[in-house]
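Subject: Structure handover

Hello,

Here is the structure I promised to pass on. Please open it and keep it beside you as you read the notes below.

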Amino acid sequence: MFLNKIIQRNPKLIQTGVELHQKGLIPANSYVLDIDTISYNAKLMAEEGERYHLKVFAMTKQIGRNPVAIKAMVDAGIRAGVCVDMSDARPMTASGMEIGHLGHLVQVPFAETKAAAKLNPRYWMVYNLEKAKAVSEVTDSGREQNIMVRIFGEDDSFYRGHEAGFPTETILETAKEIQQMKGLHFAGIATFPAQLYDVESKTVKATHNYNTLIKTADYLRNHGYPEIEVNAPGTTSSHIFKRLAEDGVIQVEPGHGLTGTTPIHAYEDMPEMPGYIYVSEVSHFYGGKPYCYGGGMYIDPVFDDYDVQACVGRDGDDALKCRISCEMPKPKAIDYYGILNPGKEQKINVGDTVVFGFRAQMFVTRAYVVPVSGISKNEPKVEGIYFTDGRRVGWPEW
């Protein structure tokens, strides 16, 4: 879905991916991160956040918690991030980024609570009082831990399996109970998703959850919590910062916005630029069709099914002109291979580079992550080969 925009706005990324792969400098089954572009996008968001007095926390799971990309974000002005879980928190801290928000969307397990406290998160999300009590028990004397809570109201909706939180009708009681726990400060409220892309209007619209969030924040401000912080994640990019700030939102958590891959980026030329590709290689032929390596072929399902295409070739310029549809593995199958469907005039060979431009969630795959700097200056440099948990790996030898 994003291949069109990458070709249009960042063709050097595709050309570089082909060149590096053909030289044997990067593996097949790898996501190539354009560090120059990610840095540009992060600087843009940091500046827009400062303009509207928003706290910008970077989400990094979708780019495999990559330390090179995280450092680029910090250098560009985003100094704290949101950690879905402890698997996010550890590599983020190790990469020099502060933890702005911990535990949204996954609660910290009891056995890891003490370890989480040592990471000094600015804000800690809890879904129930049991988790708040656990945080209180490990909070050092003299320290105050800011607590965020997930809320829900009537007719709010969540992705299946994401349902959680405190009912809005008891929010004052919840705030009071948390505030009375040792070392805790009731700091704010959140929901997810707060915004979603609307296909018909091709705009990002506030959800019912968002309206619940804003109304509950106003209620809390009028009932003893004037400094309440509002966290409104979902489909976050700089073009909605102004609206969010005007509604009283304080915390924003861009993820795909940092790589120019929120749904609206597939249709419009947004301020952020597309910042990654998925690189594969033709492995073999069967039944006259070329098969390319998988491992990272999970497509984040924010769109209905569409014709997935790839640029194929051994030369960057030639690959940009050679677009081929690909039959992607079904979600119930292990993605060992994708099956290319070239036209009669498109000649494909074993060993050709295959470049995709779909929306990824790298952390759920077994792909490599390859940060590359200098693409914008025509001086590409591979900054290492990594797993999707942020660890550097030896390649091609272990």
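Which side chains meet in a salt bridge at 2.5 Å, N to O? They are those of Lys43 and Glu47. One point before going on: this is a predicted model.

**Salt bridges**

Lys43 and Glu47 both sit in helix 3, which covers residues 35-51. They are four residues apart there, so about one helical turn separates them. Lys43 is partly exposed, at 41% relative accessibility. Glu47 is also partly exposed, at 38%.

The count of salt bridges comes to 19. Another one joins Asp269 to Lys5, with the closest N and O atoms 2.6 Å apart. This pair links distant parts of the chain, 264 residues apart. Lys5 belongs to helix 1 (residues 3-9), while Asp269 lies in the loop between strand 12 (251-252) and strand 13 (276-286). Are the two partners buried or exposed? Lys5 is buried, because its relative accessible area of 11% is under the 20% cut-off. Asp269 is partly exposed, at 44%.

Asp352 and Arg314 form a salt bridge too, and their closest N and O atoms are 2.7 Å apart. These two are 38 residues apart, and each is in a loop. Asp352 falls between strand 17 (337-341) and strand 18 (353-356). Arg314 falls between strand 15 (309-313) and helix 11 (316-321). Asp352 is buried, with a relative accessible area of 4%. Arg314 is partly exposed, at 46%.

There is also a network of salt bridges, which links Arg65, Asp85 and Asp88.

Look next at the open spaces. The largest pocket has a volume of about 880 Å³. It is lined by 39 residues, and the closest to its centre are Tyr159, Phe192, Asp300, Arg359 and Gln361. Strand 9 (residues 195-198) gives the most to this lining, with three residues. By class, the lining of the largest pocket has 19 nonpolar, 16 polar and four charged residues.

The second largest pocket holds about 630 Å³. It has 23 lining residues, and Met297, Ile299, Met328, Pro329 and Pro331 lie nearest its centre. Its lining divides into 13 nonpolar, three polar and seven charged residues.

**A cavity**

How many cavities of 30 Å³ or more are there? The count comes to one. Strand 5 (123-126) and helix 7 (129-138) each give two or more residues to the lining. Strand 5 gives the most, with three. The lining has five nonpolar, two polar and one charged residues.

**Nonpolar cores**

The largest nonpolar core has 86 residues. Val149, Phe186 and Phe356 touch the most other members. Helix 4 (residues 67-76) gives the most to this core, with seven residues. A second, separate core has 20 residues, including Leu13, Val18, Ile277 and Ala319.

Take Val149 as an example. Leaving aside neighbours within four places in sequence, Val149 is in contact with residues including Met125, Val126, Phe166 and Phe186.

**One more residue**

Finally, find Ser373 in strand 19 (residues 368-373). Ser373 is buried, with a relative accessible area of 16%. Not counting residues up to four places away in sequence, Ser373 touches Ile35, Asp36, Glu379, Pro380, Lys381 and Glu383.

Best wishes

Technical notes: Residues are numbered from 1 along each chain as its sequence is written. This is a predicted model: local features need pLDDT of at least 70, side-chain atom pairs count only at pLDDT 80 or more; totals for chains, interfaces and linings use all residues. Side-chain values use heavy atoms; hydrogens and water are left out. On a 1 Å grid over the protein atoms alone, a cavity is a set of points where a 1.4 Å probe fits but cannot get out, and a pocket is an open set with protein on both sides within 12 Å along at least five of seven lines; lining residues have an atom within 4 Å of a point. Grid points are joined across faces, edges and corners, and a volume is the space filled by probe spheres set on the points. Ala, Val, Leu, Ile, Met, Phe, Trp, Tyr, Cys and Pro count as nonpolar, Asp, Glu, Lys and Arg as charged, and the others, Gly among them, as polar. A nonpolar core is a set of buried Ala, Val, Leu, Ile, Met, Phe, Trp, Tyr and Cys residues joined through side-chain atoms within 4.5 Å. Buried means under 20% relative accessible area, exposed over 50%, partly exposed in between (1.4 Å probe, protein chains only). Contact means heavy atoms within 4.5 Å. A salt bridge is a side-chain nitrogen of Lys or Arg within 4 Å of a carboxyl oxygen of Asp or Glu.
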